[in-house]
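This report describes selected features of a predicted model.

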Amino acid sequence: MCRPTHYAISYEINPWMSLARQAHPARARAQWQRLHDVLARALRLRIRLLPPSPGVPDLVFTANAGLVAGRTLIRSNFRYPQRQREQPLVERYFRKAGYRIVRLPARYDFEGEGDALWFGRTLVFGFRFRSDEPVHELLASHLGARVLPVELADRRFYHLDTCFCPLDERSALWYPRAFDRYGRRVIEHVVPNPIAVSQADALQFACNAIVLGRAVVAHAGLSPGLRRRLARRGFTVYPVDLSEFLKAGGAAKCLVLRLSPPP
Amino acid sequence: MTSEVIRVSGHIIDSLILPKILDEIMDLNGTFEILHIAIGTRKTDPSQARLRVSAASARHLEQILQRLSRLGAVREAAQDARLRRAPRDGVFPADFYSTTNLPTDVRVRGRWRTVERIEMDCGIVVAASGRARCTPFADVRKGDRVVCGADGVRVSPLERGRSPQVFQFMGSAVSSEKPKLQLIYRLAEEMRAVRRARRKILVVAGPAVIHTAGGPYLERLIRAGFVNVLFAGNGLATHDIESALFGTSLGVRLDHGVAAQDGHDHHMRAINAIRACGGIRQAVRRRVLRRGIMHACVVRRVPFVLGGSVRDDGPLPDVVTDTLEAQTLMRRRLHGVALALMVGSTLHAIATGNLLPATVRTVCVDINPAVVTKLADRGTFQGIGIVSDAEAFLRELCRALRV
């Protein structure tokens, strides 16, 4: 994770961001701290912190830094120049931490775990708004796994992790209308029990949840109905208010990058 | 119809990327042909497909390919055309690309360039600026960069228009057993359309036009502005002038159809008269020549090229006896030509057919079906043959054009 010391809305690169709707710095820090505490204390995760840096306000959204596989980081190539400034910082941090860095060809964009989520042994890869389709083949060869590219269809859900959230080996949360009909068929084929969320839940970033075993850490805006559905399937929801980060188009999942596979 | 080959690879089957690409092509009104497909045997194996995507126009194809590139389709590593230096003046490198008369593009430094002044049986010279030009043997200079091999060369076949076009009546097999009047009326419409579009009409005429007493009709066409360029040989010009000066063609009186006394030397005297003046233009200026096709050309400022041949009598001073020079002059005059009308001429019609791009519509009129067929067989597309007497054809054409 990365502390939101320098977090702010400094530009508009997705439909959520508006320079007129600034994030409240103190509130953002408090919300982030609360998320950190839930993960570190309640769920007993070991968290590594990427040092914050001025001029890169979105560095807090570490999920987009890259994709970690073992001791390798497949580094992101951000689409927007505003976020490309994060690349060297991420690379330096991981190199120091002893990771091997894989850089993708510069002509392709790739925004890390934001667009690449494991479902069992298959990596589901979202493309169009932030990542390019041809990257899927490179990921497949680096990871030696099946990588299924699905096209995203709604600008508000510009990253795969805003509309798709694997829960366990059989189920996942998703917002079907964020995909085109091919993408929907692929997900329905791959995920035996997909749980479709309503538009209201999707807009509250219900799919942008951190899943650890049976624990689901998500923004507090989840509807009671969805909480009940998750509870019925044996999941415990840890709601955290992340409204300040929603202003930048991110929530719980966007604020963390997974360094080791789920237990 | 233009096409390009694309390649898609990766996990394109399970992710429905391939079916999606095929659907997209069809949704965008393109067509495809799967050239090759290799499907991975295990889930983690990538699959590959090569497709040829075709669309009605280059712009349309570009739209489709842009959409497909978002789906990860890459254009097959289109190679640049291979360029080699011409070893000597008038000599192409051994493996030079020999052109067709169809619209052709070559890829130079990653960019497709349309070959200018395309014509069959030439080479393609690429200038330092990247401009590609169709170049005949005679014009190639030592050190010119010439396209070699077929890599990076794209030839677009002519498409048949989807909507019924004026020229759609053309392009059927040559036959003497066809109603000519209909064809002539539609040709007249086409000629009007060409004139409205400010493009040029080229007429290639042989001496048969004069022998059959069709000269006055061609003269009328010229005076009415339906002829913008005239190609002919010494024969047409000589007999036209003979008829203007003596009323005969090869000694036969055109008004009575009988041989004039001592008429056999009329054409020689006609040539002599023009040689004495220094040329056709001078003869017109000195009012020696006062009527006829050549007179009309000079008066109406219609450029003409008279190409010489070995059997010419005289020839007239205006005849270009150097065949390469004649070719060059003809080429220069072809710019802007949209319709070529070839009447009663075998050699000049074929010579001109060789110089024309396939996009120029061609009408070949001859009494001998073999000539008409021969032109078509040599690859002059978009053409029609009319088997007819030259005079009868021109008379009806004048009537159809009301001149």
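## A three-stranded sheet in chain A

In this predicted model, chain A holds an open sheet of three strands in the order β7-β8-β9, with mixed pairing. The edge positions belong to β7 (164-166) and β9 (193-196) of chain A; each has a single partner strand, so one side of each is left without a neighbour in the sheet. On average, neighbouring strands of this sheet are turned by 20° against each other, direction ignored.

Strand β8 (residues 171-174) of chain A runs parallel to β9(A), and four bridges join the two. Within this pairing, Ser171(A) lies opposite Asn193(A) of β9(A). Strands of a sheet pair through backbone hydrogen bonds, either parallel or antiparallel.

## The contact between chains A and B

The contact involves 16 residues of chain A and 14 residues of chain B. On the side of chain A that touches chain B, two or more residues each come from α4 (135-143), β6 (146-151) and α5 (181-190). The largest share, five residues, is supplied by β6(A).

## Helix α12 of chain B

Helix α12 (residues 369-377) of chain B has Val371(B), Val372(B) and Leu375(B) as its buried residues. Seen down the axis of α12(B), these buried residues fall within an arc of 100°, so they line one face of the helix. Ala370(B) and Asp377(B), on the other side of α12(B), are exposed.

Notes
Residues numbered from 1 in each chain as written. Chains lettered and ligands numbered in written order. Predicted model: local features only at pLDDT ≥ 70, side-chain atom pairs only at ≥ 80, totals over all residues. Contact = placed C-beta atoms within 7 Å. Buried ≥ 20, exposed ≤ 12 C-beta atoms within 10 Å, placed from the backbone. Arc of directions from axis to C-beta. Pairing = 2+ DSSP bridges. Axes fitted to C-alpha atoms, helices over the stretch in contact; angles between N-to-C directions.
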